[in-house]
Amino acid sequence: MTDFPIEKIRADFPILQQTIRNKPLVYLDNAATCQKPECVIDSMSELYRTNYANVHRGVHTLSVRSTDLYEGARDKVKQFINASSTKEIIFTKGTTEAINLVAQTFGKANLAEGDEVLITAMEHHSNIVPWQMLAEQTGAVLRVAPINQQGELMFSEFEQLISDKTRLVSVVHMSNALGSVNPVQKIIDLAHAKDIPVLLDGAQAIPHMSVDVQALDCDFYAFSGHKLYGPSGIGVLYGKQDILNAMPPYQGGGDMIRKVTFEETEYNTLPYKFEAGTPPIAEVVGLGAAIDYVSAIGMDKIAAYEAELLAYATQQAAHIDGLQIIGQASEKGAILSFVLDKIHPHDIGTMLDSLGIAIRAGHHCAMPVMDFFEVPATARASFAMYNSKEEIDVLMEGIKSLIEVFG
Ligand code: 7TS
């Protein structure tokens, strides 16, 4: 393995230093949510201990400190994804809320009966259902580009589905169920050639690769803090300034206004126009700390290390009789979805738990992907930068032992 400071990184995560069922914890459910380093936990407790007050409201010292920390984190997000301005960074509850925000604002303002939103067949439910709800409200139509047996987007079919009715392309950057990484640059270039904006669901991509929204030229990028070693309850919607400015607000309330009378309300400027009410202050600060943490390690180093982990896991899994990997895209992130002959994924999950190994079993909120591969569910091991080759060995031994007993 490359020179990656794995032991040092592992030591930063208190939760990993424990045994589960008398075995060292092997946490491989990182695509669902990943664990938090001490610096993230400390940043939040430090806020509550010494600096906490509501933001953007008071002139008193604590409110100023709290606001500085909150807005400082926005600047960290801006730099992390290379947005051109902090005005383009909207804090949301997570990826799900970010996509719903776009559907209910941009979508309602720009889609009418017969207009189309184009997604792919590998989307998480949070990039399907908000568009179905919008379709119900507006008469718009959802189009779905197919995938092949490797779990890759079929690009020429995708291209054919772009029409003069397409008003938005909304695709996952990296699939949570398959690990497939979509050719997002090609997708964006193609859509932009027809003046169609593109939203990327970056929930899975963001912890695994460096993302530059200006280089990509995407119009929206959505991600969640909790999959990036930050807290739950916080996410980001990046949007290009001109598009965000043209969109109506999402929710009404405090902070998103400049002037209110009973007759009319003048909305606040970006990004506050989309941040109604008291925001999740500590969570934003924690996200800022998580960004500092991964940035100090380096996203490119993380990506290279995780590529080695995935290659090793894939190679080891290939030696296990009766194990079938679901999702073998040529461009793939650190996710190993699999099924075993005669053992239901839920039983795999339960039995591995008895060995201290945490994986996810289920449909991964991507039921259409399960339908496509004709499986009810898969078992999914998803890796983070703190996972080691030795942990993959423990996983493979665990799988072999349960095949011996139950297979
Ligand atoms: N998009 C993708 C690709 C995801 O993987 C997820 C969460 C979401 C959107 C929604 O993110 P949220 O933070 O708003 O919930 N994926 C998973 C998963 O694979 N297992 O649990 C949650």
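One aromatic cluster is formed by F13, Y229, Y293 and Y386. The model is predicted; local features need pLDDT of at least 70, side-chain atom pairs count only at pLDDT 80 or more, and totals for chains, interfaces and linings use all residues. Residues are numbered from 1 along each chain as its sequence is written, and side-chain values use heavy atoms, with hydrogens and water left out.

A search of the whole structure gives eleven aromatic pairs (rings of Phe, Tyr and Trp, the latter by its six-membered ring, with centres within 6.5 Å; planes under 30 degrees apart are stacked, over 60 edge-to-face, the rest tilted). F13 and Y229 form an edge-to-face pair, 5.9 Å centre to centre with 65 degrees between the planes. This pair links distant parts of the chain, 216 residues apart: F13 lies in the loop between helix 1 (6-11) and strand 1 (19-20), and Y229 in the loop between strand 9 (220-224) and strand 10 (235-239). Helices (H or I, at least four residues) and strands (E, at least two) are DSSP runs, numbered from the N terminus. F13 counts as buried because its relative accessibility is 0% (buried is under 20% relative accessible area, exposed over 50%, partly exposed in between; 1.4 Å probe, protein chains only).

In helix 7 (residues 184-193), the residues V184, I187, I188, L190 and A191 are buried. They lie on the same side of helix 7, because they cover an arc of only 165 degrees around the axis, taken from the directions from the helix axis to the C-beta atoms.
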